[in-house]
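Hi everyone, thanks for coming.

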Amino acid sequence: QVQLVESGGGLVQAGGSLRLSCVASGSILSINSMAWYRQAPGSQRESVAAITNRGEIDYADAVKGRFTISRDNAKNTVYLQMNSLKPEDTAVYYCNAAILSRFSDRRNYWGQGTQVTVSS
């Protein structure tokens, strides 16, 4: 089975920084895109940033210039460096990855989420 495990969330003051990590493990054959989403209370889950296995990157307008997504293919890990954090960045952040595994066709997997809280 495949698992995504996020880490790095926490409480930070406005203007501060956090770095999220997400490690994919299990019977993985290949990983295409990896991405971060977030969901604030009372809101729908939204895309934050995504990176393909060729390094193509896309950001939501709300985080451009402040967040940086990167990945380490050897470690099956994706990162999200978040700088200049704002209270409106407060949300549960979820990792998503399109994975081909030994026991399943390529499909999207989700992590359990990590809470990011930005105080004003």
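So, which backbone oxygen lies 3.4 Å from a polar atom of the side chain of arginine 71? That's the backbone oxygen of isoleucine 31.

Quick housekeeping before I go on. This is a predicted model, where local features need pLDDT of at least 70, side-chain atom pairs count only at pLDDT 80 or more, and totals for chains, interfaces and linings use all residues. Residues are numbered from 1 along each chain as its sequence is written, and side-chain values use heavy atoms, with hydrogens and water left out.

Okay, back to arginine 71. You'll find it in strand E7, residues 67–72 (strands are DSSP runs of at least two residues, numbered from the N terminus). Arginine 71 is buried, meaning under 20% relative accessible area with a 1.4 Å probe, protein chains only. Still, arginine 71 has no salt bridge (that would be a side-chain nitrogen of Lys or Arg within 4 Å of a carboxyl oxygen of Asp or Glu). The nearest side chain of opposite charge, aspartate 72, sits 8.2 Å away. What the arginine 71 side chain does have is a polar contact with the side chain of asparagine 73, at 2.6 Å.

Now the cysteines. There's 1 disulfide here, a pair of cysteine sulfur atoms within 2.5 Å. It joins cysteine 22 and cysteine 95, with the sulfurs 2.1 Å apart. The two ends come from distant parts of the chain: cysteine 22 in strand E3 and cysteine 95 in strand E9, 73 residues apart. Cysteine 22 is buried at 0% relative accessible area, and cysteine 95 is buried at 0% too. The link is left-handed, with -80° about the S-S bond.

Note on methods
Helices (H or I, at least four residues) and strands (E, at least two) are DSSP runs, numbered from the N terminus. Buried means under 20% relative accessible area, exposed over 50%, partly exposed in between (1.4 Å probe, protein chains only). Lys and Arg count as positive and Asp and Glu as negative; His and the chain ends are not counted. A polar contact is a pair of N or O atoms within 3.5 Å; within protein, one must be able to donate a hydrogen and the other to accept it, and residues adjacent in sequence count only if both atoms are side-chain atoms.
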